[in-house]
Structures are given as C-alpha cells and as structure tokens.
Amino acid sequence: MIAFAIYGAIAGLAGFTEINGMQHMLLTDFESSIGSYGIGIAIMASANPIGVIFAALLFGFLQVGGTVLSHSTDAPASVIDLMLGFVMLFVLMSFFFRRKSEIRAMKKQALTKEG
C-alpha cells in the first residue's frame with residue numbers, strides 16, 4: 001500500500017508538472033489513457049522491472065506505428081488500440097492458465113504425498 005501511495009504521488013506530481021510547467025494550461029486533447037497504458041504495461045511485464053522496459057517499448061512502437069499507419073493509409077488508428085487489447089487479453093489468459101496448471105500440479109503432488 002505504501003508503494004501504491006508513493007507511485008501515485010509521483011504520477012500526480014508528473015501530471016501536475018506537465019499541466020503547470022510545460023503547457024501552462026489544461027489541453028483538451030491531453031492524453032487521458034496514459035494511466036491505463038501503465039497498468040497494461042505492468043500487467044504484461046508481470047511487475048518485472050526489466051520486463052516493464054520491453055513492454056513499454058512494445059506499447060510505444062504500436063502507438064507510433066498506429067499513427068504512421070493512419071497517416072499513410074486509410075486505416076483508422078483505433079486498430080492499434082484493438083491490437084493492444086488483444087495483447088492484454090492474451091497475457092491475462094496466459095496468467096489464468098498458468099495459475100490453473102500450478103494449482104493442478106500442487107493438488108497432484110499433495111495426492112501423491114498422501115498415498
């Protein structure tokens with residue numbers, strides 16, 4: 001809980017600095033989904049500090065690629081958000097199935113110890 005409070009304060013300070021220090025106003029097109037990207041990156045990296053770097057790079061490359069794609073073709077940039085959603089869905093599904101197999105292995109091990 002202390003870590004959440006510290007990182008929340010740091011994120012709030014970063015947002016305050018962006019609004020008051022860089023722009024001097026609240027912009028209407030301010031990126032409001034940055035927090036959700038951060039949560040997605042942390043989940044995808046399994047809270048591994050090195051994994052966060054690679055997950056953030058993947059998200060960044062996909063965002064930039066979506067912008068380039070929308071400027072060069074008629075494809076909407078929202079396709080990239082759909083791709084990020086599928087990536088997150090598959091990561092969460094892998095956590096679910098991995099945990100389910102771990103539970104199955106623990107039950108099997110407990111049964112062999114009893115018998």
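Tutor: Start with the word helix: here that is a DSSP run of H or I with at least four residues, numbered from the N terminus. Met 93 lies in one of these, helix α4, residues 78-114. Keep in mind that this is a predicted model.

Student: What makes Met 93 partly exposed?

Tutor: Buried means under 20% relative accessible area and exposed means over 50%, with partly exposed in between. Met 93 sits at 36%, so it counts as partly exposed.

Student: And what makes Met 93 part of a nonpolar patch?

Tutor: A patch residue needs over 30% relative accessible area and no salt bridge, and nonpolar side chains such as Met are joined within 5 Å. At 36%, Met 93 is over that accessibility cut-off. The patch on the surface also includes Leu 82, Phe 86, Leu 89, Phe 90, Phe 96 and Phe 97, with about 730 Å² of accessible area together.

Student: Which residues of α4 are buried?

Tutor: Ile 80, Leu 84, Met 88 and Val 91 are buried in α4, which puts each of them under 20% relative accessible area.

Student: Why is the pair Arg 99 and Glu 102 called a salt bridge?

Tutor: The cut-off is a side-chain nitrogen of Lys or Arg within 4 Å of a carboxyl oxygen of Asp or Glu. For Arg 99 and Glu 102, the closest N and O atoms are 3.5 Å apart, so the pair qualifies. The structure holds one salt bridge.

Student: Where do the two partners sit, and how exposed are they?

Tutor: Both lie in helix α4, three residues apart, about one turn of the helix. An α-helix has 3.6 residues a turn, so residues three or four places apart point the same way. Arg 99 has a relative accessible area of 46% and Glu 102 has 38%, so both are partly exposed.

Student: How do you know what length to expect for α3?

Tutor: The expected span is 1.5 Å times one less than the number of residues. With 24 residues, α3 is expected to span 34 Å, and it reaches 35 Å from its first C-alpha to its last. Helix α4, with 37 residues, reaches 54 Å, close to the 54 Å expected.

Student: What caps the N-terminal end of α3?

Tutor: Asn 48 does: a side-chain oxygen lies 3.2 Å from the backbone nitrogen of Ile 50, inside the 3.5 Å limit for a polar contact.

Student: And what is the overall pattern?

Tutor: α-α-α-α along the sequence, with four helices and zero strands. Of the 115 residues, 11% count as buried.

Note on methods
Residues are numbered from 1 along each chain as its sequence is written. This is a predicted model: local features need pLDDT of at least 70, side-chain atom pairs count only at pLDDT 80 or more; totals for chains, interfaces and linings use all residues. Side-chain values use heavy atoms; hydrogens and water are left out. Patches are made of residues with over 30% relative accessible area and no salt bridge: like charges are joined within 9 Å, nonpolar side chains (Val, Leu, Ile, Met, Phe, Trp, Tyr) within 5 Å. Accessible areas come from the Shrake-Rupley method with a 1.4 Å probe; for residues, only the protein chains shown count as cover. Helices (H or I, at least four residues) and strands (E, at least two) are DSSP runs, numbered from the N terminus. Buried means under 20% relative accessible area, exposed over 50%, partly exposed in between (1.4 Å probe, protein chains only). A polar contact is a pair of N or O atoms within 3.5 Å; within protein, one must be able to donate a hydrogen and the other to accept it, and residues adjacent in sequence count only if both atoms are side-chain atoms.
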